[in-house]
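Please look over the sequence and the structure shown here before reading on. The report after them is written for a reader who is new to structures of this kind.

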Amino acid sequence: MNKTITTGVFAILLATQVTSCASGSPPLQEMALTQTSIRNAEAAGAVDYASKPLRAAQQKVAIAQRLIDRKKYDRAKSHLALAIVDAELAEASAEAKKSALAQDELNQSIDLMKKEIERAQEN
Amino acid sequence: MKEILNITSIKTNIAIAISCTLLTTGCAGKKPNANLDSARSVYERVSSSDVVNEYSTEDLNVAKLKLDDAVDAWHDKKPKGEINNRAYIAEKYALIAEQRSTLLQHQAQIENGKLERTNAQMDLRANEADAAKREALDMTARAEQLQQEVELREQKLQAQLAEISELKALQAQNTDRGMVLTLGDVLFDTGESTLRAGAINNIEQVARFLKKYPDRTLQIEGHTDSTGDDDFNFNLSTERALAVRSVLQEKGIDGSRIVARGLGENAPIASNSVAEGRQRNRRVEIIFNQTEDTVVSGIDE
């Protein structure tokens, strides 16, 4: 009698737990969006110019993937939400860094030309 | 009186104590969250940046909304993980706003830089054009100078050729000492230094030539044959040379242009053993010195 009750309670508890873990459907759309953001960051040069936030995004996606495999969709979703801002920061940082380099290069070429003009005017 | 004061102060103290308790209660249950504090301080730093306010106010607004989300979660006493996640997102959005403003600022500066570069390129080309123009002018000037030099030389050559042909008209001979005009023995009385009338005409022509060409100087050399005393011959040749010089001076030629000397019998041009040779040796030679810038010394026959 007692054993039956215990088994029943356990079954209920197990069911509740499984339900709480496998909450809703897997966040496939979020995963796809995050991976797109990571690809955009990589295309912007984040591998060279913003490796830290890019790595942070990639690690969170990996964790999210493992959580999805274990059907822990809610936790996976919140990791993806963080990963996507990491990826966006990586893209923005890489773009900013590249623009700084482009500006330096431009300024150098202008300086060079100005020096050439000064030299020409001295002669 | 003193008691009353005491009572008042006690009341005040109580009031303060109560309000303190109320304040503390208001904070109670909302434990400070380090992630939220970090997000807030990043947002404050970013939002006070001039660059961000100039270039990425929209991104800054998004960051503000995300920060408000996080603060709301904290006010609503949501689970710590939820607050942390929202704080994390808020902080990253603030950083994104900062990076975007940097990008936009650089892009604006690059546009200005391109304009500056175009101007510099134009300056550089203008300079190069100026330099090329100067060089062309220099070369033109040099070419003109060379042309003038050539023309001047040509004129000099023509002038000297004219001189030489005039000297040839005077019966002057082209020798390695220059043009030499020989006045023969027949122009002097035998053993005398007086010029005969026929010689005067010859010397007048020389005077006219010297007036026309004031740079020309002369040497006049008197010579005799070997007949007779050396001293007599030397004196006779000297006197004859001086006589020619005197006539030229009478015709208005400055004496300083003329050196006259006698060489006696020491420089024969023919054999003294025959009468014809002796006659040729008795002579006065007028040597026209070459000028410093002589281009041609004579015309080859």
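## The model and its confidence

This is a predicted model, in which local features need pLDDT of at least 70 and side-chain atom pairs count only at pLDDT 80 or more, while totals for chains, interfaces and linings use all residues. Residues are numbered from 1 along each chain as its sequence is written, and chains are lettered from A and ligands numbered from 1 in the order in which they are written.

The term pLDDT stands for the predictor's confidence in each residue, on a scale from 0 to 100. In chain A the mean pLDDT is 86, and 80% of the residues reach 70 or more. Over residues 13–21 of chain A, however, pLDDT stays under 50, and the model has two contacts beyond four places in sequence for this stretch; two residues are in contact if their C-beta atoms, placed from the backbone, lie within 7 Å. Where pLDDT is low, the predicted coordinates should not be read in detail.

## The two chains

Chain A has five helices and zero strands, where helices (H or I, at least four residues) and strands (E, at least two) are DSSP runs numbered from the N terminus. Of its 123 residues, 33% count as buried. A residue is buried if 20 or more other C-beta atoms lie within 10 Å of its own, exposed if 12 or fewer, and partly exposed in between, with C-beta atoms placed from the backbone. Among contacts in chain A between residues at least 6 apart in sequence, 76% join residues at least 24 apart.

Chain B contains eight helices and five strands, which run from the N terminus in the order α-α-α-α-α-β-β-α-β-α-β-α-β. Buried residues make up 29% of the 301 residues in this chain.

## Helix α4 of chain A

Helix α4(A) covers residues 51–69, and its 19 residues should span 27 Å at 1.5 Å a residue, which agrees with the 27 Å between its end C-alpha atoms; the expected span is 1.5 Å times one less than the number of residues. Its buried residues are P53(A), L54(A), A57(A), K60(A), V61(A), A64(A), L67(A) and I68(A). Seen down the helix axis, the buried residues of α4(A) fall within an arc of 145°, so they line one face of the helix, the arc being that of the directions from the helix axis to the C-beta atoms.

On the other side of α4(A), K52(A), A62(A) and D69(A) are exposed. The cover over the buried residues of α4(A) includes α2 (28–43), α3 (46–49) and α5 (73–122) of chain A. Just after this helix, K71(A) takes a positive phi of about 65°.

## Helix α2 of chain A

The buried residues of α2(A) are E30(A), M31(A), T34(A), S37(A), I38(A) and A41(A). Seen down the axis of α2(A), they fall within an arc of 125°, so they line one face of the helix. The face turned away from this buried side carries the exposed residues L28(A), Q29(A), A32(A), T36(A) and A43(A).

Among the elements that cover the buried residues of α2(A) are α3, α4 and α5 of chain A. After α2(A) comes G45(A), whose phi is positive, near 100°.

## Where the chains touch

The contact between the chains takes 25 residues from chain A and 24 residues from chain B. By class, the side of chain A that touches chain B has 13 nonpolar, seven polar and five charged residues. Here Ala, Val, Leu, Ile, Met, Phe, Trp, Tyr, Cys and Pro count as nonpolar, Asp, Glu, Lys and Arg as charged, and the others, Gly among them, as polar.
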